[in-house]
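Have the model open as you read.

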Amino acid sequence: VYKTPTKMEKTYVLPDPIKSFPAYPTGEQYPNQHVGTTEENWTYFDVVLNGDVRINDYRADNYTLDLTKQNDKVYTFNNITLDSNYTLNINVGNQDRSIVVNNFNLINGHIVLNGTGKLTVYVVSKYTMGSSSTFNNNGQVNRLSVYYQGSQPLVFSGGQRVFGSLYAKTADISITAGSGFWGAIITGGSHFTVDGGTSSVTQLFYAPNAVFNMAGSGKIYGK
């Protein structure tokens, strides 16, 4: 005699984004770097100066930040700044690399990952990404992870494109105005907005403490 099997129920407990947020690693400041030959030459420019990466001058465009010089070393930066549609290449080689940045200012520019390894970026205070900026554009999503422990809202509102995952401790998140995000987004913030022509392809949106608002022509695709 066939008997209907007893219904099996599973309970899944997802972690609290705030309590499970990782401690940031310690490291040493990246050494000063310049382009050009001598300080008297017009081609000379301090691209990395006292912990600041300055991709805001035409002489620094398409500069490669090499993270492979020291194995298993975490580099720290005060500010990483990109502007004027300039490009910064980050060479991770064939290993996984990590950097800690106090302020990440992608005002208007592009960051390209070179190599086959993965990059983890730990942002301490401020993370801004301005109009039409890209990070790992069309790259493999699993090669980029960004952790942000600052409290200022993260706003992507002007055609930005990110191929990677974002983990925000307490920040609210807004993705609007044609921006695109490919990857998981996890936040302990209280508001999450997808609006205005946004197209996101994601494995996971996890914001257990947030009011989730999807409006306008925003679109979300699972993958």
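## Ground rules

This is a predicted model, so local features need pLDDT of at least 70 and side-chain atom pairs count only at pLDDT 80 or more, while totals for chains, interfaces and linings use all residues. Residues are numbered from 1 along each chain as its sequence is written, and side-chain values use heavy atoms, with hydrogens and water left out.

## The big picture

Don't go looking for helices: the chain has zero of them, and 23 strands.

Of the 223 residues in the chain, 45% are buried. Buried here means under 20% relative accessible area, exposed means over 50%, and partly exposed is in between (1.4 Å probe, protein chains only). The chain exposes about 11,400 Å², and carbon and sulfur atoms supply 48% of that; the areas come from the Shrake-Rupley method with a 1.4 Å probe, and for residues only the protein chains shown count as cover. As for contacts (heavy atoms within 4.5 Å), take those in the chain with a separation of 6 or more: 42% of them involve residues 24 or more positions apart.

## The core around Phe-135

A nonpolar core is a set of buried Ala, Val, Leu, Ile, Met, Phe, Trp, Tyr and Cys residues joined through side-chain atoms within 4.5 Å. The largest one has 47 residues, and Leu-88, Tyr-127 and Phe-135 touch the most other members. Strand E10 gives the most to this core, with five residues. Apart from it lies another core, of six residues, including Tyr-122 and Tyr-147.

Phe-135 is buried, because its relative accessible area is 1%. Leaving aside residues up to four places away in sequence, Phe-135 touches, among others, Leu-113, Val-121, Leu-144, Val-146 and Val-162.

## Aromatic pairs

How many aromatic pairs does the structure hold? The structure holds twelve. Rings of Phe, Tyr and Trp (its six-membered ring) pair if their centres lie within 6.5 Å; planes under 30 degrees apart count as stacked, over 60 as edge-to-face and the rest as tilted. One of the pairs is Phe-104 with Phe-135, stacked at 5.7 Å centre to centre with 10° between the planes. That pair links distant parts of the chain, with Phe-104 in strand E8 (residues 97-106) and Phe-135 in strand E11, 31 residues apart. Phe-104 has a relative accessible area of 3%, so Phe-104 is buried too.

Then there's Tyr-122 with Tyr-147: the ring centres are 5.3 Å apart and the planes sit at 15°, so this pair is stacked. Again the link is between distant parts of the chain, from Tyr-122 in strand E10 (residues 119-129) to Tyr-147 in strand E12, 25 residues apart. Tyr-122 counts as buried because its relative accessibility is 12%, and Tyr-147 counts as buried because its value is 18%. Tyr-122 and Tyr-147 belong to one aromatic cluster with Phe-21, Tyr-24 and Tyr-167.

## Strands side by side

Strands pair if DSSP finds at least two bridges between them. E12 pairs with strand E15 (residues 165-168) in the parallel sense, over four bridges, and Tyr-147 has Tyr-167 as its bridge partner in E15. E15 also runs parallel to strand E18 (residues 185-187), joined by three bridges. There, Leu-166 stands opposite Ile-185 in E18.

## Residues worth a click

Start with Thr-134, in strand E11 (residues 134-135). Thr-134 counts as buried because its relative accessibility is 8%. Its side chain makes a polar contact with the side chain of His-110 (2.8 Å). Such a contact is a pair of N or O atoms within 3.5 Å; within protein, one must be able to donate a hydrogen and the other to accept it, and residues adjacent in sequence count only if both atoms are side-chain atoms.

Most residues other than glycine have a negative phi. Ser-132, in the loop between E10 and E11, has a positive one, near 65°. Asn-85 also has a positive phi, near 65°, and lies in the loop between strand E6 (75-82) and strand E7 (86-91).

Definitions and conventions:
Helices (H or I, at least four residues) and strands (E, at least two) are DSSP runs, numbered from the N terminus.
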